[in-house]
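Hi,

Here is the structure I said I would pass on. Have a look first, and then read on for what turned up.

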Amino acid sequence: MRIGVFGATGVIGSRVVAEAVTRGHDVTAFTRDATRIPAGAGQVTWRVADVMDVPAVTGAIAGLDVIVNALNAGRDIPETIANAHVLPAAARSLLEALESYPAARLIVVGGAGSLEVRPGLQVVDTEGFAKGLPANLGVPEEYVKVVLAHREALALYRLSNRRWTYLSPSSGRVDPGERTGRFRVGDDRLLVRADGTSPISAEDVAVAVVDEAELPRHVQRRFTVGY
């Protein structure tokens with residue numbers, strides 16, 4: 001397939017690119033900053049594109065079968081918090097661009113905060129969530145703005161008639177690790193292990209993304225993955 005990846009230089013996006021290339025797909029990687037394009041691009045086609053520029057995005061994704069949105073709002077925590085609004089804004093931009101390509105699919109890598117810990121209660125709405133962020137995720141309480149922005153973006157996708165899929169890793173923080181290819185798949189419920197944790201590596205999130213690209217099982221739905 002022809003797969004395009006926004007946020008291709010990020011922790012998850014770069015691994016989606018690598019996973020898709022390994023499986024023989026034709027990959028186009030998008031970045032806003034030309035200086036971040038690797039010197040040895042290999043089999044990947046790199047293009048500079050600002051996801052907030054609807055006409056530019058519409059042109060950039062022409063001919064793609066699947067578009068992956070693995071964008072971060074910033075390169076570090078303070079920048080991410082300051083730019084949290086980028087997440088729903090990017091959703092609006094991509095959905096508008098996809099109006100020109102009704103057959104194309106969009107897979108979004110989002111956050112865990114909108115997953116449910118029990119029916120009707122999302123992680124972000126649990127008591128003391130924001131205050132627990134420094135201890136649980138190593139980020140300041142203000143990071144709750146990013147979590148809420150991810151939830152706002154999901155709501156926008158759910159209102160759309162485009163062929164979207166939203167992946168919420170059950171881990172609140174996804175770090176580089178081992179590619180195992182073995183993980184649980186759920187829907188809107190947070191996946192938790194017996195010890196109360198819900199980790200998953202960036203490599204295995206990438207596996208889940210490309211699995212969904214190859215065999216779509218969650219069109220116009222959200223799903224989650226975790227160990």
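**What turned up**

Tyr157 and Trp164 are both buried. Keep in mind that this is a predicted model. The two rings have their centres 6.4 Å apart and their planes at 35°, so Tyr157 and Trp164 make a tilted pair. Tyr157 has another partner: its ring centre is 6.0 Å from that of Tyr166, and with the planes at 50° this pair is tilted too. Tyr166 is buried, with a relative accessible area of 1%, and Tyr157 is also buried, at 1%. Through these ring pairs, Tyr157, Trp164 and Tyr166 form a cluster. In total, the structure has three aromatic pairs.

Tyr157 also shows up in helix 6, where the buried residues are Val146, Val147, Ala149, His150, Ala153, Leu154 and Tyr157. They sit on the same side of helix 6, because the arc they cover around the axis is only 160°.

Now for the charged side chains. How many salt bridges does the structure hold? There are 13. One of them joins Arg15 to Glu203, with 2.7 Å between the closest N and O atoms. Arg15 is in helix 1 (residues 11-22) and Glu203 in helix 7 (residues 202-214), so this bridge ties together parts that lie 188 residues apart in sequence. Arg15 is partly exposed at 24% relative accessibility, whereas Glu203, at 16%, counts as buried.

Helix 6 comes back here too. Asp188 and Arg158 meet in a salt bridge, 3.2 Å from N to O. Arg158 belongs to helix 6 and Asp188 to the loop between strand 9 (184-186) and helix 7, so the link joins distant parts of the chain, 30 residues apart. Both ends are partly exposed: Asp188 has a relative accessible area of 27%, and Arg158 has 42%.

Last one: Arg23 and Glu19 form a salt bridge at 2.9 Å, N to O. Arg23 is partly exposed at 26%, while Glu19 is buried at 7%. These two also belong to a network of salt bridges that links Glu19, Arg23, Arg179, Asp211 and Glu214.

Cheers

Terms used. Residues numbered from 1 in each chain as written. Predicted model: local features only at pLDDT ≥ 70, side-chain atom pairs only at ≥ 80, totals over all residues. Heavy atoms only, no water. Buried < 20%, exposed > 50% of the residue type's maximum accessible area, 1.4 Å probe, protein only. Helix = DSSP H or I, 4+ residues; strand = E, 2+ residues; numbered from the N terminus. Arc of directions from axis to C-beta. Phe/Tyr/Trp six-rings, centres within 6.5 Å; stacked < 30°, edge-to-face > 60°. Salt bridge = Lys/Arg side-chain N within 4 Å of Asp/Glu carboxyl O.
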